[in-house]
Amino acid sequence: MTSLLVIIVLVLLAVALWQLTKIFDLTQVGSNVDSSEVATDKDNDIQGYLMFGFLAFIYIFTIYGLFTWGPLVLHTPASAHGGEIDFLMNITWVLIFIVQAITQVLLHYFAFKYRGKQGQKALFFADNNKLEAIWSVIPAVVLAGLILYGLYAWTNIMFIDEDEDTVVVELYAQQFKWTARVAGEDNVLGKANVRYIEGVNTLGVDLADPYAQDDIVVSELHIPKGKKIHFKIRSQDVLHSAYMPHFRAQMNCVPGMVTEFAFEPIYTTSEYRELPYMIEKVANINAIRTKKSAALVAKGETALDPYTFDYLLLCNKICGSSHYNMQMKIVVDTPEDYKAWLKEQTVLAEQVKAAATPAPVEGAMEADSLKVKETAATSKVVMK
Amino acid sequence: MSAEVHDHEHHHKDTFITKYIFSIDHKMIAKQYLITGIIMGVIGVGMSLLFRMQLAWPEESFRIFNILLGDKWAPNGVMTNDIYLSLVTIHGTIMVFFVLTAGLSGTFSNLLIPLQIGARDMASGFMNMVSYWLFFLSSVIMIGSLFVESGPANAGWTIYPPLSALPQSISGSGLGMTLWLVSMAIFIASSLMGSLNYIVTVINLRTKGMSMTRLPLTIWAFFVTAIIGVVSFPVLLSAALLLIFDRSFGTSFFLSDIYIAGEVLHYQGGSPVLFEHLFWFLGHPEVYIVILPALGITSEIIATNSRKPIFGYRAMIMSIIAIAFLSTIVWGHHMFISGMNPFLGSVFTFTTLLIAIPSAVKAFNYITTLWKGNLQLNPAMLFSIGLVSTFITGGLTGIILGDSTLDINVHDTYFVVAHFHLVMGISALYGMFAGVYHWFPRMFGRMLNKNLGYVHFWVTAICAYGVFFPMHFIGLAGLPRRYYTNTAFPLFDDLQNVNVLITVFALVGGAFQLVFLYNFFSSIFYGKKAVMNPWKSNTLEWTAPVEHIHGNWPGEIPEVHRWPYDYSNPNHDVDFVPQNVPMKPGEEVLHH
């Protein structure tokens with residue numbers, strides 16, 4: 001039915017167009033209006049004013065956008081280096097808006113001001129070295145400033161000092177989930193390779209490596225506030241990208257190599273929730289969700305849960321069908337809470353041992369199902 | 001040469017096949033490119049409207065999805081995530097390569113190079129024909145890939161392995177990806193043949209008096225674009241071939257240490273980052289392959305319709321060359337966070353931001369050309385001014401993305417999508433539209449309806465900003481691109497209204513392209529008959545008869561005596577002096 005409507009609308013549109021053009025043609029019969037499809041003085045007038053109007057549109061739309069959508073953008077960075085990024089971003093935005101404001105005015109105003117008239121002659125103005133020097137040198141100087149500051153910040157952010165006291169954490173990506181491995185007391189991650197993947201050891205940690213003995217594998221990452229976190233990032237299958245927008249942090253996950261990123265969180269999760277901007281944002285989102293829930297309930301579906309803020313790790317490199325839902329919660333704790341959390345976790349080595357010993361019934365079931373999987377995998381290899 | 005052409009005309013009568021299908025006449029080949037490009041454009045834009053609907057009203061049922069995508073990909077009218085990614089992937093591929101590379105360069109380089117430099121045809125008419133038919137074949141294969149059982153390629157238009165290499169990782173990486181690669185390999189062969197032809201023709205076949213510094217800027221743009229193409233397309237071809245090797249013959253150029261679907265694969269020692277380097281070594285110059293011809297077209301149209309010389313002709317040439325050179329050493333800015341050494345990131349930031357200088361020169365020169373002009377605001381001129389506007393708006397945000405530090409947080413978000421659509425997508429499309437409105441009389445001997453052109457421009461201009469301006473904000477809010485829906489993240493719930501607004505603008509803008517299509521196809525048959533030089537332009541193509549003939553000019557090829565921008569020259573009474581008008585005795589050259 002809708003498609004029929006669409007087709008009818010399209011046909012009507014075509015007919016309307018045809019009639020409109022015919023009417024334009026008819027109005028021009030007998031008059032001495034030039035019908036060569038070249039712009040006439042009247043066209044130039046109308047189009048010139050429209051250009052001026054378009055300038056107004058751009059300005060109004062920009063200002064409207066800044067007020068309406070401005071509050072939606074990421075605010076208050078949650079990491080130490082984030083302030084540096086946002087500062088550079090703000091400087092760049094000021095420059096961009098100045099240049100944009102000036103050039104769009106000139107372009108559209110000139111298009112309006114110098115709209116053509118028959119018999120008028122334009123100014124022959126072919127070149128002027130001084131002017132061209134000005135608009136080569138000014139951007140060059142401004143950009144030099146931006147580049148220098150940008151490179152300074154980039155170097156600070158990206159070059160990780162190996163001697164610095166950090167918390168080493170591995171982020172592990174696979175279709176379509178994240179896992180993290182905390183380096184434990186020795187703060188060194190054990191060696192790993194996909195060839196060691198077996199049973200509960202889903203990250204392929206080399207359990208023979210002494211550094212691996214205290215590694216902790218978790219599916220919800222906790223990190224302490226006020227300490228630099230050194231992320232070592234791996235992927236087991238395709239490219240992913242570890243994106244933590246609130247921390248202004250992102251790094252691709254590349255199968256076959258370990259990539260790195262480091263930052264220092266400066267707000268715990270509960271502190272960040274209390275930021276005025278975040279309270280407002282969450283209230284706004286919940287208002288939207290309540291409205292949506294009402295519609296859902298009316299349709300007999302379940303309502304949406306209310307939203308509370310959490311830091312997230314998102315996948316930001318297309319990685320397959322469920323790319324859009326590959327996420328992990330990150331919790332920033334106070335150092336004390338972090339220690340407490342760490343204590344509650346079981347190290348991977350223990351988990352592997354527990355899985356291997358056929359003690360409780362559930363564990364045995366798990367091991368069994370794993371075995372089945374393994375045989376399936378082997379038979380596949382054989383068939384190949 | 002001219003005697004030969006006469007012989008040709010007397011002895012062979014063109015059959016339908018040699019005239020319209022396997023033609024070796026550059027003007028016919030240009031039309032073939034244009035019409036194929038328009039058809040591909042309709043498909044590419046149509047796809048974007050479908051996935052925009054999904055983004056605005058996620059997982060809602062639309063009858064149209066079911067009709068167009070079928071039961072498998074849109075059961076009950078709900079678009080599946082796999083086909084969503086396919087649509088995104090094929091939309092990108094079609095728009096970048098098939099519409100804005102072949103459709104734009106193929107059309108206007110073919111039409112204008114011989115006509116504007118005063119040549120009878122391309123250096124090799126046969127190669128030109130083969131180039132078009134390879135392009136056609138690659139288009140057919142690309143469209144054919146939409147119909148395979150496992151679905152078309154859906155690893156993104158950048159087809160990064162391992163996703164594109166392993167059929168286990170995504171459905172489209174089976175036969176769909178094979179066809180994608182085959183299609184692109186043929187496309188590249190076509191593009192190389194075209195480019196070599198353009199280069200040879202510009203170097204060897206310029207008419208008497210047509211020195212390089214008297215070439216119209218269109219030709220300079222096409223010439224330099226062809227050089228970039230020849231330098232960078234083979235690299236993509238090699239990347240595609242290596243990927244085919246990895247996919248089919250078990251090599252490990254791009255793959256290493258992979259565990260997928262419960263088993264460890266044998267690949268060892270390759271790196272996906274290598275693919276990214278190879279891909280972007282073409283991928284970035286490709287942006288300029290798309291935009292430079294559009295800028296060349298705009299230069300010509302703005303000068304003609306301002307009735308003024310283009311401001312800073314030599315600076316414009318220098319900036320084209322500078323952009324072309326820099327374009328080959330900036331590819332790494334797509335890879336700041338790919339895991340490559342951060343030091344490389346600093347180098348690429350430096351070279352990338354340098355491109356802003358020649359780009360700024362171009363923008364300011366356009367604006368100065370308008371100053372004190374006598375602007376003829378034809379649809380072609382409106383699209384050219386529109387191009388300058390979107391080129392500036394889109395280009396400025398490049399300062400953010402080119403800066404490695406700032407790229408960290410906006411990389412792969414909608415901010416990037418907004419940026420490149422404005423600066424290369426919309427701008428290049430405007431250039432293409434401007435070119436069509438301007439040279440339609442030269443191509444088809446008839447005029448496009450100007451009032452429909454005005455309607456087309458204004459609705460498109462408003463919708464283009466309406467779509468891409470708000471998109472910057474959702475990118476800055478951290479929304480990643482290529483998400484099938486944002487509903488998995490309550491964090492992004494407040495962006496949904498913006499997504500709806502964007503989609504509404506996109507649908508309206510898309511619908512109004514029908515005005516253009518109607519105008520285009522009806523004017524081919526029913527448009528007003530064109531005169532020889534409707535826009536009172538200086539370049540040589542307007543000295544050839546309206547009716548197309550082999551060899552372009554019936555008699556001698558015109559000789560060139562001046563540069564192409566003698567508009568409103570104070571030494572002359574009329575406001576234009578075509579290039580073939582001899583200098584008056586004692587007339588001075590008034591430009592550098």
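This is a predicted model: local features need pLDDT of at least 70, side-chain atom pairs count only at pLDDT 80 or more; totals for chains, interfaces and linings use all residues.
Let's take chain B. UniProt, in an unreviewed entry, lists "domain: Cytochrome oxidase subunit I profile" at residues 16-561 of chain B. So what is that span made of, helix or strand? It comes out at 67% helix and 1% strand, and its end C-alpha atoms sit 39 Å apart. For the chain as a whole, you get 18 helices and 2 strands.

How is chain B built overall? The C-alpha trace covers about 85 × 50 × 50 Å along its principal axes. A compact globule of 592 residues would have a radius of gyration near 25 Å, and chain B, with 24 Å, agrees with that.

Now, some helix packing. We describe two packed helices by the angle between their axes and the distance between those axes. Look at H6, residues 125-144 of chain B, and H7, residues 175-204 of chain B: their axes come within 8 Å and cross at roughly 160°. Anything over 145 degrees counts as roughly antiparallel, so that is what H6(B) and H7(B) are. Their crossing is left-handed. On the H6(B) side the residues that meet H7(B) include B:Leu134, B:Phe135 and B:Ile141, and on the H7(B) side they include B:Ile186, B:Phe187 and B:Met193. By type, that contact has 13 nonpolar residues, 8 polar and no charged.

While we're here, the loop between H6 and H7 of chain B holds B:Pro162. The peptide bond joining B:Pro161 and B:Pro162 is cis, with omega about 0°.

The second pair is H13, residues 379-396 of chain B, with H16, residues 414-444 of chain B. These pack at an angle of about 165° with axes 8 Å apart, and are therefore roughly antiparallel to each other. The crossing of H13(B) and H16(B) is left-handed. Among the residues making the contact are B:Phe383, B:Leu387 and B:Phe391 of H13(B), and B:His419, B:Tyr430 and B:Tyr437 of H16(B).

You'll find B:Glu59 in the loop between helix H3 (26-56) and helix H4 (63-73) of chain B.

On to chain A. The unreviewed UniProt entry puts "transmembrane region" at residues 6-27, 48-67, 87-112 and 133-154 of chain A. Residues 48-67 of chain A are 100% helix, with end C-alpha atoms 29 Å apart. Residues 87-112 of chain A are also 100% helix, and there the ends are 38 Å apart.

Further along, UniProt has "domain: Cytochrome oxidase subunit II copper A binding", again unreviewed, at residues 164-344 of chain A. That span of chain A is 21% helix and 31% strand. There's a cis peptide bond between A:Gln175 and A:Phe176, omega about -10°, and A:Phe176 is in the loop between strand S1 (166-174) and strand S2 (177-182) of chain A.

Key
Residues are numbered from 1 along each chain as its sequence is written. Chains are lettered from A and ligands numbered from 1 in the order in which they are written. Axes are lines fitted to C-alpha atoms, for helices over the stretch in contact, and angles run from 0 to 180 degrees between N-to-C directions. Helices (H or I, at least four residues) and strands (E, at least two) are DSSP runs, numbered from the N terminus. Angles under 35 degrees count as roughly parallel, over 145 as roughly antiparallel, 65 to 115 as roughly perpendicular and the rest as oblique. A crossing is left-handed if the near helix is turned anticlockwise from the far one by less than a right angle, and right-handed if clockwise. Two residues are in contact if their C-beta atoms, placed from the backbone, lie within 7 Å. UniProt positions are given in the numbering used here, feature names are shortened, and annotations may be inferred rather than shown by experiment. The radius of gyration is taken over C-alpha atoms; the globule rule is 2.2 Å times the number of residues to the power 0.38. Ala, Val, Leu, Ile, Met, Phe, Trp, Tyr, Cys and Pro count as nonpolar, Asp, Glu, Lys and Arg as charged, and the others, Gly among them, as polar.
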